[in-house]
Amino acid sequence: MHFFYKIAELKHFKQYRTGVVFGASLFLLLSLSVCSIISVISYVALALLSVTISFRIYKGILQAVQKSEDGHPFKMYLDQDIGISSELVHKYSDTTLVHINCVIKELRRLFLVEDLVDSLKFAVLMWILTYVGALFNGLTLLILGLIGAFSWPVIYEKHQAQIDHYYGLVNKQIKDVLGK
């Protein structure tokens, strides 16, 4: 019985952590839609600094009243090495370089019409994106994407049978059309 309580507690913690990430990300994107990125970074830094300074002063007063020698409250974080290794930088820069080169080659292929059908598909996609761009700006699309990314798993979990059924029907129709 204790095992099931631990599982329920772990699931609650994951939901809490997901909620915090979702809330912070949504707050950041909504803040960016109202203020400039410099203002948002400054406000977030000031809020974080206010919390850490307040906590440091609180712990200092608590140590003085209790006459304890606990030391600096952030000592364990100050002692940690937070440097980024050159191997990690090389690994990710090499991976990024491979992706950038693939994108450049594909764009060259599309713009110089190596395959007419692919270039026409790309042109249609760009034409559709002009209408999407007229309706939404990039930040709005990021906000909608964030909301969708965090709400889709919950919706799918609750309505998995219906979604799988309709997905199967749509997939069958697409295969029939492509077969003809």
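These are my notebook entries on one predicted protein model.

**Confidence**

The mean pLDDT of the protein is 86, and 92% of the residues reach at least 70. Which elements mark the two ends of the scale? Helix 1, residues 2-34, has the lowest mean pLDDT, at 74. Helix 4, residues 86-111, has the highest, at 94. I keep a caution here: where pLDDT is low, the predicted coordinates should not be read in detail.

**What the record marks**

I then turned to UniProt. An unreviewed entry there places "domain: Reticulon" at residues 18-180. I checked that span in the model. It is 85% helix and 0% strand. Its end C-alpha atoms are 45 Å apart.

The unreviewed entry also gives the feature "transmembrane region", at residues 20-46 and 124-150. I looked at each span in turn. Residues 20-46 are 93% helix and 0% strand, with the end C-alpha atoms 19 Å apart. Residues 124-150 are also 93% helix and 0% strand. Here the end C-alpha atoms lie 30 Å apart.

**Surface patch**

Leu49, Ile53, Ile57, Ile61 and Val65 make a nonpolar patch of about 480 Å². I placed one of these residues, Ile57, in helix 2, which covers residues 37-66.

**Salt bridges**

I searched for charged pairs. Side chains of opposite charge can pair when their charged atoms come close. How many salt bridges does the whole structure hold? The search finds 4.

I noted Lys75 with Asp79. The closest N and O atoms of this pair are 3.5 Å apart. Lys75 is partly exposed, at 45% relative accessibility. Asp79 has a relative accessible area of 53%, so it counts as exposed; the cut-off is over 50%.

I went on to Lys172 and Asp176. Their side chains form a salt bridge, 3.6 Å from N to O. Both residues sit in helix 7, residues 160-179. They are 4 residues apart, about one turn of the helix. Asp176 is partly exposed, with 33% relative accessible area.

I looked up the link between Arg109 and Asp118, which is 3.0 Å from N to O. Asp118 is partly exposed, at 23% relative accessibility.

**Cysteines**

I checked for disulfides. A disulfide is a covalent bond between the sulfur atoms of two cysteines. The structure holds 0 of them. I also looked up the exposure of two cysteines. Cys35 has a relative accessible area of 31% and is partly exposed. Cys102 is partly exposed too, with 48%.

**Backbone in the loops**

I looked for positive phi angles outside glycine. Lys67 has one, about 55 degrees. Lys67 lies in the loop between helix 2 and helix 3, the latter at 75-78. Is Lys67 buried or exposed? It is exposed, with a relative accessible area of 72%.

Val113 is not a glycine either, and its phi is positive at about 50 degrees. I found Val113 in the loop between helix 4 and helix 5, with helix 5 at 116-135. Val113 counts as partly exposed, at 42% relative accessibility.

**Distances across the model**

Asp115 lies in the loop between helix 4 and helix 5. Asp115 is partly exposed, at 32% relative accessibility.

Ser86 lies in helix 4. Its relative accessibility is 42%, so Ser86 counts as partly exposed. Ser86 and Tyr166 are 80 residues apart in sequence. Their C-alpha atoms are 49 Å apart in space.

Terms used
Residues numbered from 1 in each chain as written. Heavy atoms only, no water. Patch = residues over 30% accessible without salt bridge, like charges linked within 9 Å, V, L, I, M, F, W, Y side chains within 5 Å. Areas by Shrake-Rupley, 256 points an atom, 1.4 Å probe, with all protein chains shown as cover. pLDDT = per-residue confidence, 0-100. UniProt positions renumbered as here; feature names shortened; annotations may be inferred. Buried < 20%, exposed > 50% of the residue type's maximum accessible area, 1.4 Å probe, protein only. Disulfide = S-S within 2.5 Å.
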